[in-house]
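Visitor: Could you take me through one part of this model closely, beginning with a residue whose backbone stands out and then moving on to the parts around the other chain?

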Amino acid sequence: MDALYRDFILDHYKNPRNFGELSPHDLDFHDHNPLCGDELGVHIVVEDGKVKDLRFHGQGCAISQAAASITSDELIGMPVEEIQELGADWVIEQLGIDISPTRRKCALLSLKVMRGATTGDASWPE
Amino acid sequence: MAPVADKPLVNVRADFPVLEREFGGKRVAYLDSAATSQRPKQVIEAMDRFQSESYAPIHRGVYELARESTDAFEAARTRIASFVNWDPACSIFTRNATEAINLVAYAWGREHVGEGDEVLISEMEHHSNIVPWQILCEETGAKLRYLTLTDSHELSLDELDSVLAEGRVKLVAVAHVSNVLGTINPVAEIARRARAAGAVSLVDGSQAVPQMPVDLSEIDADFYAWTGHKALGPTIGLLHGRRELLSAMRPFLGGGHMISRVERERSTWNELPYKFEAGTSAATEAVGLGAAIEYLDALGMDRVRAHERDLTAYALERLPEVEGITLFGPPDLDHRGGVVAFAIEGMHPHDIAELCDREAVCVRAGHHCAQPLMRCLGVGATARASFHVYNSRDEVDRLVDALAKAREVFEL
């Protein structure tokens with residue numbers, strides 16, 4: 001089996017969870033990876049300070065799409081305030097695969113978009 | 001009979017040290033020359049020799065070492081200018097093609113483009129031939145217009161005529177060869193029609209000079225920009241311009257060397273081409289590009305073009321064997337240079353490139369600095385294989401095999 005393109009990565013790429021749009025939504029953000037042009041947006045519904053529901057949308061490689069899909073279940077139910085505490089290590093741990101420096105931004109795009117929506121800080125997670 | 005490509009350029013690969021590299025026990029197949037080309041040892045040695053034996057400030061010192069370095073720098077300019085058939089005094093060294101285009105946008109554009117005017121580019125331009133014009137138009141109130149892609153991914157001269165006929169176009173700026181589609185544009189005809197309509201023309205030749213015979217006097221554009229690092233040389237650019245325009249233009253960058261006399265309040269300018277070469281020039285890079293041009297000249301640009309054409313033809317023949325593949329660019333090989341952009345259903349270009357890398361096949365993935373073009377093609381990104389003199393049909397075979405394996409990994 002391929003070390004990067006594990007079955008669960010391909011499964012999340014081909015059948016992404018929590019993908020689409022939410023109307024209405026409370027928070028949204030859209031961003032892209034300037035290196036490759038991949039785009040990702042998010043719609044979030046907030047209730048009692050927590051992420052009640054979210055949907056990602058956009059296009060990208062297997063790593064960026066799988067990262068969004070895999071983390072989405074963890075993010076639902078999370079207090080909005082906690083999202084700004086999440087860093088790159090959290091995403092990479094969720095993915096459970098080694099990410100080379102050239103694919104790091106692919107893996108982090110979804111968290112960048114989540115943080116942009118919840119904190120307004122659109123810098124790359126470290 | 002051996003294919004044309006194998007006969008004339010045999011053993012060229014051995015001149016390129018980096019192509020000896022192996023990754024995962026496999027010899028590298030470098031298919032990314034449209035991004036940057038590899039350098040033959042003749043170029044590496046020429047730069048090394050210049051630095052080891054002749055390096056000193058150019059155009060300054062009175063001592064013999066400085067004379068030697070100046071001679072080497074100017075000999076490189078003369079060789080490069082003669083290679084593309086243009087006046088050396090009107091051939092300006094720049095950092096790269098991007099800086100060459102910005103030079104025109106700033107030094108010519110700000111004097112001649114104003115509100116209500118139009119700058120005409122095309123949908124297949126590299127960002128380097130889009131963004132400088134966007135900035136110019138934003139500052140001056142001019143309008144940026146795009147020639148559209150035809151169904152065969154070419155430009156339409158009829159569309160050019162109809163836009164020019166509206167009488168507002170001040171500048172037409174197009175790529176000689178597209179870095180994504182490979183389209184070879186009829187730039188001589190475009191320059192002629194632009195001039196007839198009172199517009200100035202600029203051609204981005206970054207993908208053309210490295211792979212085909214280019215005669216600038218025949219093309220007769222007002223400005224022609226290209227870069228050495230795609231032509232087997234180091235990173236240094238060239239701007240060739242029409243003398244009347246360059247003479248009348250204000251300088252781009254101010255500083256040392258570009259002046260004739262500096263007073264407390266104002267200065268006068270050095271003669272061409274030095275007026276546009278402010279500061280200390282990249283002499284080692286100029287010498288390196290001179291050596292690269294000597295190398296290409298010795299191979300013969302007709303043979304280089306025949307080789308590129310053969311590899312492109314072979315790639316266009318073999319790649320359709322890959323299930324789910326879409327190829328971009330003109331099908332007519334007479335109108336197409338050595339680049340093949342493609343997409344595969346169900347697999348993102350990033351992942352294609354990653355999986356090709358497992359087979360030591362280097363292809364580019366992304367928007368190729370042509371985001372407006374990606375939108376025209378209806379994709380976010382493509383994968384791209386591009387060729388140069390050191391590539392072979394065997395490497396096209398390896399690409400096709402790598403793509404088949406990639407589809408297996410993705411269970412397609």
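Guide: In this predicted model, H257(B) counts as partly exposed because 15 C-beta neighbours lie inside 10 Å, a number that falls between the limit of 12 or fewer for exposed and that of 20 or more for buried. H257(B) sits in the loop between helix 8 (243-248) and strand 11 (259-262) of chain B, and its phi is near 75°, a positive value in a residue other than glycine. Most residues other than glycine have a negative phi, and most peptide bonds are trans. A positive phi, of about 50°, is also found at E411(B), again not a glycine, in the segment after helix 13 (393-409) of chain B; E411(B) is exposed, with 11 other C-beta atoms within 10 Å.

Turning to the peptide bonds, the one from L272(B) to P273(B) is cis, with omega near 0°, and P273(B) belongs to the loop between strand 12 (267-269) and helix 9 (283-299) of chain B. In chain A, a cis peptide bond with omega of about 0° joins S23(A) and P24(A), where P24(A) lies in the loop between helix 1 (7-14) and strand 1 of chain A.

That strand belongs to an open, antiparallel sheet of three strands in chain A, in the order 1-2-3, with strand 1 (27-32) and strand 3 (50-59) as the edge strands, each pairing on one side only. Strand 2 (residues 39-47) of chain A is joined to strand 3 of chain A by nine bridges, and E39(A) has Q59(A) as its bridge partner in strand 3.

Terms used. Residues numbered from 1 in each chain as written. Chains lettered and ligands numbered in written order. Predicted model: local features only at pLDDT ≥ 70, side-chain atom pairs only at ≥ 80, totals over all residues. Pairing = 2+ DSSP bridges. Helix = DSSP H or I, 4+ residues; strand = E, 2+ residues; numbered from the N terminus.
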